[in-house]
Amino acid sequence: MEPLIALVAGFLAARLAGLAGVDMLDGWHPALKVGLAAMFLLTASAHFVPRLRAKLLAMVPPGLPRPELLVTLTGLLELAGALLVLVPATSRWAAGALILMMIAMFPANVSAARRRLPGVTPLGLRTALQVLFVAAATLTFAG
């Protein structure tokens, strides 16, 4: 649920800043980019905080090799996406890459939910959140 809070809080804070006169944030589209960046900065950080990293390592489906490397790589990709989505010249490409990454990583969420790992969001709610996150990135990509 924390990524949803980061997305919404980042969006609302940026939108309020835009309404208060920060020209570069004036509009829903720039605010959505900030929300998306906030969400991915939060999720990327989980890949490197030991307690949270352990949970992510457990989520890697058993058949995949080198869980440590996969968690590190996806964390770095999330961090890069979060930063590059804020740069006008790379925003569209970053959003597209984040969409592809979310789709590619979703089976790990399904696997974790089916294995009933502790602290994993139930599959129905996780699917709804994933659709929302992909929709936010798609709106960023399209804009």
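L16 is found in helix α1 (helices are DSSP runs of H or I with at least four residues, numbered from the N terminus). L16 is exposed, with a relative accessible area of 57%; exposed means over 50%, buried under 20%, and partly exposed in between, using a 1.4 Å probe and protein chains only. From L16 to G27 the C-alpha atoms are 9.6 Å apart in space, with eleven residues of separation in sequence. The model is predicted, so to speak of local features a pLDDT of at least 70 is needed, side-chain atom pairs count only at pLDDT 80 or more, and totals for chains, interfaces and linings use all residues. Residues are numbered from 1 along each chain as its sequence is written, and side-chain values use heavy atoms, with hydrogens and water left out.

Next up is α2, a helix of 19 residues (28–46). Its first and last C-alpha atoms are 27 Å apart, close to the 27 Å expected at 1.5 Å a residue, where the expected span is 1.5 Å times one less than the number of residues. Among its buried residues are L32, L36, M39 and F40. The cover over the buried residues of α2 includes α1 (2–19), α3 (50–59), α4 (67–84), α5 (91–114) and α6 (123–142).

H47 is buried, at a relative accessible area of 4%. A polar atom of the H47 side chain lies 2.9 Å from the backbone oxygen of T43. The side chains of H47 and T74 are joined by a polar contact of 3.2 Å (a pair of N or O atoms within 3.5 Å; within protein, one must be able to donate a hydrogen and the other to accept it, and residues adjacent in sequence count only if both atoms are side-chain atoms). Setting aside neighbours within four places in sequence, H47 is in contact with R53, L56, V71, T74, G75 and E78, contact being heavy atoms within 4.5 Å.

R66, in the loop between α3 and α4, has a positive phi of about 50° although it is not a glycine. R116, in the loop between α5 and α6, also has a positive phi, near 55°. R66 is exposed at 58% relative accessible area, and R116 is exposed at 74%.

Notes: Helices (H or I, at least four residues) and strands (E, at least two) are DSSP runs, numbered from the N terminus.
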